[in-house]
Amino acid sequence: MSALDLHTVERVVVARTRADLAELGPDTAPLAGGTWLFSEPQDHLRALVDLTGLGWPDVEVSHDGLTVAATCPVAVLAGLELPAGWAARPLLAQCCAAFLAPPKVQRSATVGGNLCMAYPAGPMISLAAALDGSVCLWCPDGGERRLPVTEFVLGDTRTALRAGEVVRSLALPAAALAARTAFRKIALSPLGRSGAVVIGRRDADGFHLAVSAATVRPVVLRWPAPPGPDLLASAVDGIDPDLWHDDAHGAADWRRAVTGVLAREVVAELSGGTAA
Ligand SMILES: Cc1cc2nc3c(=O)[nH]c(=O)nc-3n(C[C@H](O)[C@H](O)[C@H](O)COP(=O)(O)OP(=O)(O)OC[C@H]3O[C@@H](n4cnc5c(N)ncnc54)[C@H](O)[C@@H]3O)c2cc1C
């Protein structure tokens, strides 16, 4: 896989400073891991701007939480050592394992590229939605804006990215990372793309349930405490019917039904013990 395989692409600019991003435009796209960009024709493109040359550190740990560079490979997150007090740390590897691609793709694919693809089964979307993650966007005027991932991903392969913007980083807050989490995933076949991913989080603020892969954009349901079965069922039933994803990896009615089952399992797992 390389830019040489994209016959309309004449130039690849390795960005070294933010000023190099000024090249971005309708026929010039950001290049991250290239696992999707080089996997199909991009006839509208004449140039690529390689973000990996910007040298962003993959991750930064602080009292506020974890900041993940857009260019951080998904595989790096899977093996990350995090502070012991962050009870949610297994969730990183669980979400990375939901990325069912060959090892070569897994090693190259980046967190930012995964968010920007906005596939319903984007594992970094699942992770970010479950932990109240927000993306920092660099705007072409030199400014930046920040959006919760639930507002960044608008639908199947649709995001809130505006022309010339790039995702700089994903922020996962410490309060969410300190919480207990429970993860469930189902696919139509053992190595199939996720049909539904349901992640629960229990913290001092209450109980949070993130539904992804089953829906075209992530949905987060919240209660002050783990919900009982009726409350849970009506909340899942109350998800906008247009959001249930329907494709070769699962019909909409199946995704809706299995989401209900997985949600019950997640609530049961987190109902014992105390909030973090
Ligand atoms: C065999 C195979 C299996 C796959 N399985 C899955 C799967 O299970 N789930 C899934 O979600 N995807 C899957 N993909 C698609 C893709 O590999 C992933 O979404 C991957 O994470 C994309 O990341 P990347 O760094 O390679 O992005 P790239 O291919 O470099 O870029 C993807 C898109 O995002 C844009 N982009 C990248 N980074 C930024 C940024 N920082 N700011 C703005 N725009 C940016 C690019 O311009 C391009 O439009 C699969 C692909 C293959 C080939």
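Buried means under 20% relative accessible area, exposed means over 50%, and partly exposed lies in between, with a 1.4 Å probe and protein chains only. The model is predicted: local features need pLDDT of at least 70, side-chain atom pairs count only at pLDDT 80 or more, and totals for chains, interfaces and linings use all residues. Residues are numbered from 1 along each chain as its sequence is written, and side-chain values use heavy atoms, with hydrogens and water left out.

**Exercise 1. Classify W223 and describe its aromatic pair with F207.**

Step 1. The relative accessible area of W223 is 11%, so W223 is buried. F207, at 0%, counts as buried too.

Step 2. A pair of aromatic rings is described by the distance of the centres and the angle of the planes. Rings of Phe, Tyr and Trp (its six-membered ring) pair if their centres lie within 6.5 Å; planes under 30 degrees apart count as stacked, over 60 as edge-to-face and the rest as tilted.

Step 3. The centres of F207 and W223 are 6.3 Å apart and the planes stand at 50 degrees, so this pair is tilted.

Step 4. Locate the partners. Helices (H or I, at least four residues) and strands (E, at least two) are DSSP runs, numbered from the N terminus. F207 belongs to strand β13 (residues 206–212) and W223 to strand β14 (residues 219–223); the two are 16 residues apart, and the pair links distant parts of the chain.

**Exercise 2. State how many aromatic pairs the whole structure holds, and describe the one formed by W56 and W138.**

Step 1. The search of the whole structure gives two aromatic pairs.

Step 2. W56 and W138 are 5.4 Å apart, centre to centre, with 85 degrees between the planes, and the pair is edge-to-face.

Step 3. W56 sits in the loop between β3 (47–50) and β4 (59–62), and W138 in strand β6 (residues 134–138), so the pair ties together parts that are 82 residues apart in sequence.

Step 4. W56 is buried at a relative accessible area of 11%, and W138 is buried at 14%.

**Exercise 3. Describe how helix α2 packs against helix α5.**

Step 1. Axes are lines fitted to C-alpha atoms, for helices over the stretch in contact, and angles run from 0 to 180 degrees between N-to-C directions. For α2 (residues 90–97) and α5 (residues 123–130) the angle is about 150 degrees and the axes are 8 Å apart.

Step 2. This makes α2 roughly antiparallel to α5. Angles under 35 degrees count as roughly parallel, over 145 as roughly antiparallel, 65 to 115 as roughly perpendicular and the rest as oblique.

Step 3. List the residues in contact (heavy atoms within 4.5 Å). α2 contributes L91, L92, C95 and C96, while α5 contributes P123, M124, S126, L127 and A130.
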